[in-house]
Amino acid sequence: MLLNYSDRENANIPWHQQKSLGSVFKAAGYQTFWLDNQENLYTNAFYNAFNAFVYGFDYRFCTDENWTSVLAHHDLWLLSLFRQNVREKMSAKNFFLFHLFGSHGGYKNRFPKSYAKFTPKDIDDKNLKVKNDKDKQIVADYVNSIHYTDHVLGEIFKLFQGKDTIIFYLSDHAQDIFQSGNTYGHKCSAYGVEIPFMVFVTDTFKQRHPDKVKLIEQALHKPLMSDDLIHSLLPLEGF
């Protein structure tokens, strides 16, 4: 639902019969790119239903691992993938989808050791249901994974400095880290479903589209369901 016109209100129409983001941008004359660090888009049979969205894109680049592998690339790998495979294929109008590994479980595997900034002693646990230092280490690993993601996003943003670009960042779900109980992971609690949603614009975009920047600012405190992402994103692009 995040990547097409499916939402709660039209759930009677199968998701695979809905137009996807990739096919919409492609029809509008954009060159479309899907860069994936979470799935091998060609060999993971279990996730073929989800990967069906990828085939609306002109170009698809992916890791050679699946998300269950602890050997999966760290997300900065996507920057090398972009530089090596994408730049020469770009046109005047381009749509990119970066699928990060982010902070999925196995948090200690989601960042290089050089990004282990936080330790259990840095964790303020007064509002957490942790039982011991082992639990605190899990929280620290999770926070370190977010610290690393911050760096990855910063490097992605640098790719588009000086360009007429708008960047959306959001997650498909969150992680409940000892917040609703003495466990952690992907749970359907408030902590597990309330996600970050951010919009970044370059200085060039600000100069060329002040009306759109104003619309974004006016929507800052409005609630948003992520299954309706397409209805927010496409009007900002002039669709």
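**Sheet, cores and loops in a predicted model**

The disulfide count is zero, where a disulfide is a pair of cysteine sulfur atoms within 2.5 Å. This is a predicted model: local features need pLDDT of at least 70, side-chain atom pairs count only at pLDDT 80 or more, and totals for chains, interfaces and linings use all residues. Residues are numbered from 1 along each chain as its sequence is written, and side-chain values use heavy atoms, leaving out hydrogens and water.

C62 counts as buried because its relative accessibility is 18%. C188 counts as exposed because its value is 79%. Buried means under 20% relative accessible area, exposed over 50%, and partly exposed in between (1.4 Å probe, protein chains only).

Turn to the sheet. It is open, has three strands in the order β2-β1-β3, and pairs them in parallel. Its edge strands are β2 (59-62) and β3 (94-99), each pairing on one side only. From one strand to the next, the twist averages 10 degrees. Helices (H or I, at least four residues) and strands (E, at least two) are DSSP runs, numbered from the N terminus. Two strands pair if DSSP finds at least two bridges between them. Strand β1 (residues 31-36) is joined to β2 by four bridges in the parallel sense. Axes here are lines fitted to C-alpha atoms, for helices over the stretch in contact, and angles run from 0 to 180 degrees between N-to-C directions.

The largest nonpolar core has 21 residues, of which L35, F82, F98, L100 and F160 touch the most other members. At least two of its residues come from each of β1, α3, β3, α4 (133-158) and β4 (166-170). Such a core is a set of buried Ala, Val, Leu, Ile, Met, Phe, Trp, Tyr and Cys residues joined through side-chain atoms within 4.5 Å. Beyond its neighbours within four places in sequence, L35 is in contact (heavy atoms within 4.5 Å) with F61, L78, L81, F82, V86, L97, F98 and H99. A second, separate core holds 16 residues, including F25, W34, F53 and V54.

Helix α8 (residues 229-236) has L229, I230, L233, L234 and L236 as its buried residues. They lie on the same side of α8 because they cover an arc of only 160 degrees around the axis. That arc is taken from the directions from the helix axis to the C-beta atoms. Among the elements covering these residues are α1 (21-27), β4, β7 (197-201) and α7 (210-218). G238 follows α8 and has a positive phi, near 90 degrees.

Now the loops. F178 sits between β5 (176-177) and β6 (184-185). Its phi is near 55 degrees, positive in a residue other than glycine. Most residues other than glycine have a negative phi. F178 is buried, since its relative accessible area is 1%. H173 lies in the loop between β4 and β5. At 16% relative accessibility, H173 is buried too. Leaving aside neighbours within four places in sequence, H173 is in contact with H104, H186, G192 and I195.

T43 is in the loop between β1 and α2 (48-51). T43 is exposed because its relative accessible area is 55%.
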